[in-house]
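Subject: Structure handover

Hello,

Here is the structure for your files. My notes on it follow below.

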Amino acid sequence: MTVLMVWPPVKGGRVHGFLPLGLGCLAANLPAGWQARLWDAVLAPQPASALVAEIERLQPRVVAISVWDFNMLGAREVVRALRERFPGLPIVAGGPAASGHGEGIFGALDVDYAVAGEGERPFRQLLDALGSDALTAEAKAAIPGLIWRDEAGRAVANQPVWEPLDGLEHCDYELIRFGEYLRHGYRYGMHSRAKRTAPLHTTRGCPFPCEYCGARLINGTRVRCRPIPDVLADIRELRERFGVDGFNILDDNFTFHGDYAKDLCRAILTLDLRGVSFCAPNGVKVECLDEELLGLMKRVGFESVFIAPESGSERTLQRMRKRIDLQAVKEKLALIKRAGLKAFGFFIIGYPDETAADIRQTIAFACRNPFDAVVFTCFQPLAGTPVAARLLASGEIQSLPEGVDYYQVTYAPRGLTLRQMKRWRLWGLLRFYTSSWRRLRTAFANYSLKRIAAFVLKLR
Ligand code: B12
Ligand code: SF4
């Protein structure tokens with residue numbers, strides 16, 4: 001039996017930092033008797049009519065679609081075309097948007113089932129039941145994270161379960177045509193000399209309660225570590241088959257279990273990986289850094305450490321429920337520098353109820369601490385997060401943005417306009433990068449003048 005996996009089109013065509021990793025993970029963990037095919041409208045932009053033709057050719061038993069808020073518009077278009085042409089074909093959605101929307105996903109997307117949380121095990125159970133025509137209400141109720149309709153048509157959302165990562169196959173790189181992505185310029189990871197980069201997972205989960213973040217809806221609040229031999233096997237495979245020379249650890253909190261991170265670094269040092277760099281571009285929990293870990297990271301091939309204070313305003317940090325100690329940030333920045341690593345900072349501006357004074361404090365904090373580079377992102381409410389729920393409930397926003405990337409500004413706190421937010425962002429970057437020669441050099445060392453000019457134009 002075939003499951004056709006769908007990576008929907010995104011506005012603006014190809015997105016080279018954006019891989020169908022979730023679908024690759026599901027495909028690597030299918031039940032016996034099932035095979036996966038992938039229809040990928042990001043690697044090869046194509047209209048929904050091409051998917052209809054593919055379904056006529058492959059005659060799949062199920063369609064599985066991976067949905068982020070970012071690709072929701074494309075997902076909707078594809079699902080609409082499938083519904084019209086193949087009304088009886090089961091469509092299952094999963095991914096960050098399914099996790100974020102919960103049972104609300106049926107309002108956003110006309111699918112039969114959805115899965116919130118990690119998909120490997122629930123999807124295997126769902127396919128098993130579908131394939132043997134045993135998908136009774138009891139069977140549906142027993143699948144963790146499954147979102148389904150009961151006999152009265154009411155949406156039911158089962159509680160996801162976040163199990164240990166042992167025994168999970170990682171990702172089917174063949175199915176997602178990772179080699180093709182690399183040939184088409186796939187690249188993720190800022191400020192790295194690596195030419196062929198690949199994502200790498202070592203842990204899943206995050207225990208922190210930041211109110212703007214949707215990560216724990218997908219990966220839960222317990223940080224689970226992959227067995228180190230599995231991670232090494234991934235590294236070897238990606239290095240040997242695809243010539244990868246830069247690994248981006250996509251974990252939410254790579255350093256959360258310090259001993260695991262250290263053991264992993266030591267294990268990586270036993271591999272012959274000359275010329276290979278590592279990066280954790282989502283940021284690491286700053287409090288979890290110590291001298292020994294930073295030293296090991298440097299030896300493994302980290303060039304920089306990304307941390308996410310998010311704000312220089314204590315008032316905003318409290319509102320975000322961001323548990324971070326700005327004094328500790330200063331101390332750890334010194335440690336990062338002493339280890340010979342560069343320090344990158346992520347900041348959010350325009351959080352609900354922020355004032356111009358809070359934003360000024362954030363920019364000042366970034367400028368006066370020894371960061372080599374920073375990013376100021378304008379706040380965007382994400383499905384399923386407490387802050388988005390509050391904004392919707394209070395009527396401050398009527399709906400959540402869909403199809404937007406990092407650069408678009410879709411929200412401004414009361415008292416500020418979208419235009420002002422764009423100006424604050426640009427002003428912050430200008431102030432930061434012109435505040436020292438070292439920072440300006442870092443920017444020019446990593447990006448050409450043309451790229452910097454294009455970036456600034458995009459931010460206006
Ligand atoms: C790495 C990452 C990225 C990478 C891309 C990763 C990639 N796939 O190539 C980059 C940096 C490009 C990125 C960008 C963005 N990201 Co991002 N990203 C992440 C991060 C840290 C990990 C995502 C990942 O790849 N995980 C690994 C794969 C295997 O997991 P997965 O895709 O979720 O799949 C699993 C399940 O979701 C499920 N599943 C997935 N598909 C399907 C389909 C079916 C049928 C089923 C049953 C199950 C299923 O099973 C999979 C295996 O368990 C997450 C945080 C997190 N913890 O998830 C944020 C996250 C997904 N990102 C987020 C956002 C908002 C963005 C941006 C839209 C930011 C913005 N507003 O501008 C951009 C959009 C893309 C763009 N190009 O601009 C939000 C998503 C919120 C949402 N509801 O959509 C998250 C949750 C972060 C957050 N703080 O809330 N991101
Ligand atoms: S922002 Fe980072 S620390 Fe906070 S909940 Fe999300 S992943 Fe965890």
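Is the crossing in which α15 passes α17 left-handed or right-handed? The crossing is right-handed. Please keep in mind throughout that this is a predicted model.

On the two helices: α15 covers residues 356-368 and α17 covers residues 418-433. Their axes lie 9 Å apart, and the packing angle is about 25 degrees. Because angles under 35 degrees count as roughly parallel, α15 is roughly parallel to α17. From α15, the residues that make the contact are Ile359, Ile363, Ala366 and Cys367. From α17, they are Trp424, Gly428, Arg431 and Phe432. Sorted by class, this contact of α15 with α17 has 6 nonpolar residues, 1 polar and 1 charged.

On ligand 2: the residues that surround ligand 2 are Cys206, Phe208, Cys210, Cys213, Ala215, Arg216 and Asp252. By class, this shell holds 5 nonpolar and 2 charged residues, with no polar ones.

On the protein chain as a whole: its secondary structure consists of 19 helices and 15 strands. The radius of gyration is 22 Å, close to the 23 Å from the globule rule for 460 residues, so the chain is as compact as a globular protein of that length. Along the principal axes, the C-alpha atoms of the protein chain fill a box of roughly 65 × 55 × 40 Å.

Regards

Key
Residues numbered from 1 in each chain as written. Chains lettered and ligands numbered in written order. Predicted model: local features only at pLDDT ≥ 70, side-chain atom pairs only at ≥ 80, totals over all residues. Near = placed C-beta within 6 Å. Nonpolar A, V, L, I, M, F, W, Y, C, P; charged D, E, K, R; others polar. Axes fitted to C-alpha atoms, helices over the stretch in contact; angles between N-to-C directions. Helix = DSSP H or I, 4+ residues; strand = E, 2+ residues; numbered from the N terminus. Parallel < 35°, antiparallel > 145°, perpendicular 65-115°, else oblique. Left-handed = near helix turned anticlockwise from the far one by under 90°. Contact = placed C-beta atoms within 7 Å. Rg over C-alpha atoms; globule rule 2.2 N^0.38 Å.
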